[in-house]
Amino acid sequence: MTSLSTARDRYNAANSLLCLLQALEGRVTVIELRNEMAVKGLITQVDGFMNVSLQNATVQGNDDQHYHFEEFFVRARNIRYVQIPEDIDITEAIKNQLEGKPKAHKTDMSSTTKAKLARKRQKETLKFIQKQQQAETKEVEPQPPGTSQETDE
(Lines give C-alpha, C1' and ligand atoms only; values in the text may rest on other atoms or scores of the structure.)
Protein backbone atom coordinates (compact mmCIF):
# COMPACT_ATOMS: atom_id res chain seq x y z
CA MET A 1 0.00 0.00 0.00
CA THR A 2 1.22 3.49 -0.77
CA SER A 3 2.22 5.58 2.20
CA LEU A 4 0.22 8.77 2.11
CA SER A 5 2.27 11.61 3.49
CA THR A 6 -0.30 14.22 4.43
CA ALA A 7 -3.56 14.13 6.32
CA ARG A 8 -5.24 15.48 3.20
CA ASP A 9 -3.97 12.54 1.11
CA ARG A 10 -5.17 10.04 3.72
CA TYR A 11 -8.56 11.76 3.87
CA ASN A 12 -8.94 11.71 0.07
CA ALA A 13 -7.99 8.04 -0.10
CA ALA A 14 -10.42 7.02 2.62
CA ASN A 15 -13.34 9.03 1.21
CA SER A 16 -13.17 8.20 -2.48
CA LEU A 17 -12.57 5.24 -4.73
CA LEU A 18 -8.88 6.11 -4.73
CA CYS A 19 -8.47 3.29 -2.22
CA LEU A 20 -9.74 0.82 -4.85
CA LEU A 21 -7.13 2.01 -7.33
CA GLN A 22 -4.45 1.75 -4.65
CA ALA A 23 -5.56 -1.84 -4.03
CA LEU A 24 -4.46 -2.57 -7.61
CA GLU A 25 -0.81 -1.77 -6.84
CA GLY A 26 1.33 -4.72 -7.89
CA ARG A 27 -1.27 -5.88 -10.42
CA VAL A 28 -1.33 -5.65 -14.20
CA THR A 29 -4.32 -3.73 -15.49
CA VAL A 30 -5.52 -1.51 -18.32
CA ILE A 31 -6.06 2.23 -17.96
CA GLU A 32 -8.10 3.88 -20.68
CA LEU A 33 -7.19 7.50 -21.30
CA ARG A 34 -9.36 10.46 -22.30
CA ASN A 35 -7.60 10.71 -25.67
CA GLU A 36 -8.86 7.24 -26.71
CA MET A 37 -5.53 5.54 -25.95
CA ALA A 38 -5.07 2.63 -23.55
CA VAL A 39 -2.14 1.73 -21.30
CA LYS A 40 -1.56 -1.78 -19.96
CA GLY A 41 1.09 -2.34 -17.32
CA LEU A 42 2.04 -3.19 -13.76
CA ILE A 43 0.81 -0.51 -11.36
CA THR A 44 3.72 0.40 -9.11
CA GLN A 45 2.34 3.46 -7.35
CA VAL A 46 -0.86 5.46 -6.98
CA ASP A 47 -0.50 8.77 -5.18
CA GLY A 48 -3.09 10.74 -3.22
CA PHE A 49 -4.27 12.57 -6.33
CA MET A 50 -4.81 9.33 -8.34
CA ASN A 51 -1.72 9.81 -10.52
CA VAL A 52 -0.54 6.34 -11.56
CA SER A 53 2.96 5.01 -12.22
CA LEU A 54 3.29 1.83 -14.27
CA GLN A 55 6.16 -0.49 -15.20
CA ASN A 56 6.55 -2.50 -18.41
CA ALA A 57 3.71 -0.53 -19.96
CA THR A 58 2.31 -1.09 -23.42
CA VAL A 59 0.49 1.87 -24.91
CA GLN A 60 -2.02 1.34 -27.68
CA GLY A 61 -2.02 4.50 -29.75
CA ASN A 62 -4.82 5.97 -31.80
CA ASP A 63 -3.17 4.46 -34.88
CA ASP A 64 -3.50 0.94 -33.34
CA GLN A 65 0.28 0.77 -32.96
CA HIS A 66 1.69 -0.60 -29.70
CA TYR A 67 4.53 1.20 -27.95
CA HIS A 68 6.50 -0.29 -25.05
CA PHE A 69 7.81 1.74 -22.10
CA GLU A 70 9.81 0.53 -19.10
CA GLU A 71 8.13 3.18 -16.93
CA PHE A 72 5.00 5.19 -17.68
CA PHE A 73 3.23 7.91 -15.70
CA VAL A 74 -0.45 8.80 -16.08
CA ARG A 75 -1.83 12.00 -14.62
CA ALA A 76 -5.19 11.61 -12.92
CA ARG A 77 -6.86 14.17 -15.20
CA ASN A 78 -6.09 11.98 -18.24
CA ILE A 79 -7.75 8.82 -16.87
CA ARG A 80 -11.13 7.89 -18.30
CA TYR A 81 -11.51 4.31 -17.00
CA VAL A 82 -9.49 1.81 -15.02
CA GLN A 83 -10.32 -1.80 -15.79
CA ILE A 84 -10.54 -3.77 -12.55
CA PRO A 85 -9.38 -7.39 -13.06
CA GLU A 86 -12.22 -9.91 -12.71
CA ASP A 87 -10.46 -11.88 -9.96
CA ILE A 88 -10.58 -8.89 -7.58
CA ASP A 89 -13.45 -8.71 -5.12
CA ILE A 90 -14.09 -4.97 -5.13
CA THR A 91 -15.84 -4.87 -1.75
CA GLU A 92 -13.08 -6.85 -0.08
CA ALA A 93 -10.35 -4.74 -1.70
CA ILE A 94 -11.93 -1.51 -0.44
CA LYS A 95 -12.35 -2.94 3.07
CA ASN A 96 -8.75 -4.12 3.17
CA GLN A 97 -7.46 -0.74 2.02
CA LEU A 98 -9.58 1.15 4.57
CA GLU A 99 -8.59 -1.16 7.42
CA GLY A 100 -4.93 -0.72 6.53
CA LYS A 101 -5.16 3.04 6.86
CA PRO A 102 -3.80 4.66 10.02
CA LYS A 103 -6.44 5.88 12.44
CA ALA A 104 -7.37 9.52 12.03
CA HIS A 105 -5.97 12.00 14.50
CA LYS A 106 -7.94 14.81 16.11
CA THR A 107 -6.14 17.27 13.84
CA ASP A 108 -7.40 15.33 10.82
CA MET A 109 -10.68 16.20 9.12
CA SER A 110 -12.33 13.01 10.41
CA SER A 111 -14.66 14.83 12.80
CA THR A 112 -16.11 17.25 10.28
CA THR A 113 -19.70 16.93 9.13
CA LYS A 114 -18.52 16.33 5.58
CA ALA A 115 -16.28 13.45 6.68
CA LYS A 116 -19.07 11.88 8.74
CA LEU A 117 -21.45 12.10 5.80
CA ALA A 118 -18.83 10.54 3.51
CA ARG A 119 -18.30 7.64 5.95
CA LYS A 120 -22.07 7.13 6.18
CA ARG A 121 -22.34 7.00 2.38
CA GLN A 122 -19.42 4.57 2.19
CA LYS A 123 -21.14 2.23 4.63
CA GLU A 124 -24.43 2.48 2.71
CA THR A 125 -22.66 1.73 -0.54
CA LEU A 126 -20.85 -1.29 0.92
CA LYS A 127 -24.15 -2.60 2.32
CA PHE A 128 -25.81 -2.07 -1.05
CA ILE A 129 -23.04 -3.98 -2.83
CA GLN A 130 -23.33 -6.83 -0.33
CA LYS A 131 -27.13 -6.94 -0.76
CA GLN A 132 -26.68 -6.94 -4.51
CA GLN A 133 -24.28 -9.86 -4.31
CA GLN A 134 -26.71 -11.74 -2.08
CA ALA A 135 -29.55 -10.92 -4.44
CA GLU A 136 -27.63 -12.36 -7.36
CA THR A 137 -27.44 -15.66 -5.54
CA LYS A 138 -31.06 -15.48 -4.38
CA GLU A 139 -32.36 -13.65 -7.47
CA VAL A 140 -34.03 -10.94 -5.36
CA GLU A 141 -33.93 -7.25 -6.41
CA PRO A 142 -32.23 -5.10 -3.66
CA GLN A 143 -33.26 -1.54 -2.80
CA PRO A 144 -30.74 1.20 -3.67
CA PRO A 145 -29.11 3.00 -0.71
CA GLY A 146 -31.16 5.78 0.82
CA THR A 147 -34.54 4.23 -0.02
CA SER A 148 -36.74 2.63 2.56
CA GLN A 149 -38.33 -0.77 2.18
CA GLU A 150 -41.53 0.37 3.88
CA THR A 151 -44.77 0.42 1.93
CA ASP A 152 -47.69 2.83 2.30
CA GLU A 153 -50.84 1.16 3.50
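In the predicted model, strands β3 and β4 form a hairpin in which 5 residues lie between the two strands. Within this turn, D64 adopts a positive phi of about 60 degrees. The pairing of β3, which spans residues 52-60, with β4 is antiparallel and extends over 8 bridges. Among the paired positions, Q60 has H66 of β4 as its bridge partner, and S53 stands opposite F73 in β4.

The loop between β3 and β4 also contains G61. With a relative accessibility of 6%, G61 falls below the 20% cut-off and therefore counts as buried. When neighbours within four places in sequence are left aside, the contacts of G61 are with M37 and Y67. The C-alpha atom of G61 is separated by 7.2 Å from that of A38, a residue 23 positions away along the chain.

A hairpin is likewise formed by β2 and β3, again with 5 residues between the strands. In this turn the residue with a positive phi is M50, at about 75 degrees. Strands β2 and β3 run antiparallel and are joined by 7 bridges. One of the paired positions in β3 is L54, the bridge partner of I43.

The protein as a whole has 4 helices and 5 strands. Of its 153 residues, 31% count as buried. The accessible surface amounts to about 10800 Å², and carbon and sulfur atoms account for 48% of this area. Among contacts with a separation of 6 or more, 47% are made by residues 24 or more positions apart.

The largest nonpolar core comprises 19 residues. Those with the most contacts inside this core are L21, I31, V39, I43, V46, V52 and L54. At least two core residues are supplied by each of α2, β1 (28-33), β2 (38-46), β3 and α3. The surroundings of L21 illustrate how these parts meet: not counting residues up to four places away in sequence, L21 touches I43, V46, M50, V52 and V82. M50, one of these partners of L21, is the residue in the β2-β3 turn noted above for its positive phi. I43, another partner of L21, is paired with L54 across the two strands.

Helix α3 covers residues 90-99, and its buried residues are T91, A93, I94 and Q97. These residues lie on the same side of α3 because they cover an arc of only 165 degrees around the axis. The cover over the buried residues of α3 includes helices α2 (18-23) and α4 (113-138).

Technical notes
Residues are numbered from 1 along each chain as its sequence is written. This is a predicted model: local features need pLDDT of at least 70, side-chain atom pairs count only at pLDDT 80 or more; totals for chains, interfaces and linings use all residues. Side-chain values use heavy atoms; hydrogens and water are left out. Two strands pair if DSSP finds at least two bridges between them. Buried means under 20% relative accessible area, exposed over 50%, partly exposed in between (1.4 Å probe, protein chains only). Contact means heavy atoms within 4.5 Å. Accessible areas come from the Shrake-Rupley method with a 1.4 Å probe; for residues, only the protein chains shown count as cover. The arc is that of the directions from the helix axis to the C-beta atoms. A nonpolar core is a set of buried Ala, Val, Leu, Ile, Met, Phe, Trp, Tyr and Cys residues joined through side-chain atoms within 4.5 Å.
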